[in-house]
Amino acid sequence: MARPCAVVGIGQTDYRRRLEVSLEGLVRWAALEALADAGLTFADIDAVVIGKAPDLLEGVMMPELSLADALGAVGKPIHRVHTAGSVGAATAISGATMIESGRYDRVLVVCYEKQSEGNATWALSGGRSGGQGAGGTFAPWIRGYIKRSGAPEHIGWKVAVKDRRNALRNPHAHLRIPDISLEKVKESPMLWEPLRFLESCPSSDGAAAVVLASEDAARRGPSKPAWIISHAKRSEYSSFPGRDPIRPRAGVDCAEALYRKAGITDPLRQIDCAELYVPFSWYEPMWLEGHLLAAQGEGWKLTDGGATELGGSFPVNPSGGVLSSNPIGASGLVRCLEAARQVRGTAGEHQVDGARIALGHAYGGAAQYFAMWLVSSELQPELR
């Protein structure tokens, strides 16, 4: 039986263009902050796990080789994870399984991206034209969701306004737009129908880190642990006959496995808040449905009715989410550590009142990789 595992330390940089900090300095910044939060040093860490999106984003091949020294990993196991945009959450889960296995007591997980040193548009574009990119890939599926669900066009605008207003409460957030409004989003340039400029994520530099610990180590720490009560990863091919990219089967299977392991039978009621990977506004209602938080065709209604706002019944992305900060390789870990902050009660101005169980989520590739975890303020929470 797997040993309990908890988040005992959290660190993150500010997310913005950071030309003044080296790649090594960026990851070390987040790692040292997480270690300080846990009351530890690099000497206390048994193993290090690094995650990032494609090496092409910076043009630095095999960065784990040069980062080993910056992260105190010389002479220790160092692992590298890569599952496209979901890599941050996948890396967190890989670290958790290392603790759960009984092999290690303390694992440092670090994810990052430094897009200012590369060309993300070129790196993420596909095909001979080299210009489609992530937004061009997802836009047809979003149009398919709108047609299938009957959602009105303002839903995407409402998600964008909500997340950007939440970002104003988060000092780490990249995009901070004080005068954000539905009209401002609606009037922003169209990028990929129906996605407008202010419904899309930025390109951010940044790093995030968590220290994971066994139960004994967690209980000896100075800070309140966030207990990892469930996690799941699933994947599928990016293209095959009959694939539903609007509601990928791997996403449904991942959610089912996650809830089953935690004993969750009514996720919308039993989970207090969620940090969902929403790089384009319409993916909020799509993932609410695709991860069984809402019935098919009902996700947009939660958004429209205000349930996903910070003061709503099921807050989504109280930190501002990927729409406000997107260091791609770290974005999934940011979702996971923000969920942990909520159940630790340390989320500051974007804290959800009474949060006991929180969901961290990421997806990647052509919506084909999924990684999710549930964290709780208690090791064995009573499900309401």
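The points below go from the ground rules to the sheet, its helices, the cysteines and a few backbone details.

1. Ground rules. This is a predicted model, so local features need pLDDT of at least 70 and side-chain atom pairs count only at pLDDT 80 or more, while totals for chains, interfaces and linings use all residues. Residues are numbered from 1 along each chain as its sequence is written, and side-chain values use heavy atoms, with hydrogens and water left out.

2. The sheet. Helices (H or I, at least four residues) and strands (E, at least two) are DSSP runs, numbered from the N terminus, and two strands pair if DSSP finds at least two bridges between them. On that basis there is an open sheet of nine strands, in the order E3-E2-E4-E7-E1-E8-E11-E10-E9, with mixed pairing. Strand E3 (78-81) and strand E9 (273-275) are at the edges with a single partner strand each, so one side of each has no neighbour in the sheet. On average, neighbouring strands are turned by 25 degrees against each other, direction ignored; axes here are lines fitted to C-alpha atoms, for helices over the stretch in contact, and angles run from 0 to 180 degrees between N-to-C directions.

3. From E3 to E2. Four bridges join E2 to E3, and the two run parallel.

4. Strand E4. How many residues of strand E4 (residues 106-114) are buried? Nine of nine are, where buried means under 20% relative accessible area, exposed over 50% and partly exposed in between (1.4 Å probe, protein chains only). In a regular strand the side chains alternate between the two faces of the sheet. Here Arg 106, Leu 108, Val 110, Tyr 112 and Lys 114 point one way, and Val 107, Val 109, Cys 111 and Glu 113 point the other way.

5. Neighbours of E4. On one pairing, five bridges link strand E2 (residues 47-51) to E4 in parallel. On another, nine bridges link E4 to strand E7 (residues 205-214), and these two run antiparallel. Cys 111 is a handy landmark: Gly 51 stands opposite this residue, and Cys 111 also stands opposite Ala 208 in E7.

6. Contact means heavy atoms within 4.5 Å. Helix H1 (residues 23-38) packs on the sheet and touches strand E1 (5-12), E4 and E7, with its direction at about 130 degrees to that of E1. Helix H9 (residues 249-262) also packs on the sheet, touching strand E8 (226-235), strand E10 (357-364) and strand E11 (369-376), and its direction makes about 150 degrees with that of E8.

7. A closer look at H9. The helix has 14 residues and reaches 20 Å from first to last C-alpha, close to the 20 Å expected at 1.5 Å a residue; the expected span is 1.5 Å times one less than the number of residues. Its buried residues include Val 252, Cys 254, Leu 258 and Tyr 259. What covers the buried residues of H9 includes helix H10 (267-270) and helix H11 (283-290), along with E8, E10 and E11. Just after H9, Gly 263 takes a positive phi of about 75 degrees.

8. The annotated region. The UniProt record (unreviewed entry) has "domain: Thiolase C-terminal" over residues 248-369; such annotations may be inferred rather than shown by experiment, and positions are in the numbering used here, with feature names shortened. Over residues 248-369 the chain is 43% helix and 10% strand, with the end C-alpha atoms 10 Å apart.

9. Cysteines. With a disulfide taken as a pair of cysteine sulfur atoms within 2.5 Å, the count is zero. For Cys 201, the nearest cysteine sulfur is that of Cys 111, 17 Å away. Cys 201 counts as partly exposed because its relative accessibility is 22%. For Cys 254, the nearest is that of Cys 336, 11 Å away; Cys 254 counts as buried, at 0% relative accessibility.

10. Backbone details to look at. The peptide bond from Glu 193 to Pro 194 is cis, with omega near 5 degrees, and Pro 194 lies in the loop between strand E5 (190-192) and strand E6 (195-196). Met 62, in the loop between E2 and helix H2 (63-70), has a positive phi near 45 degrees though not a glycine.
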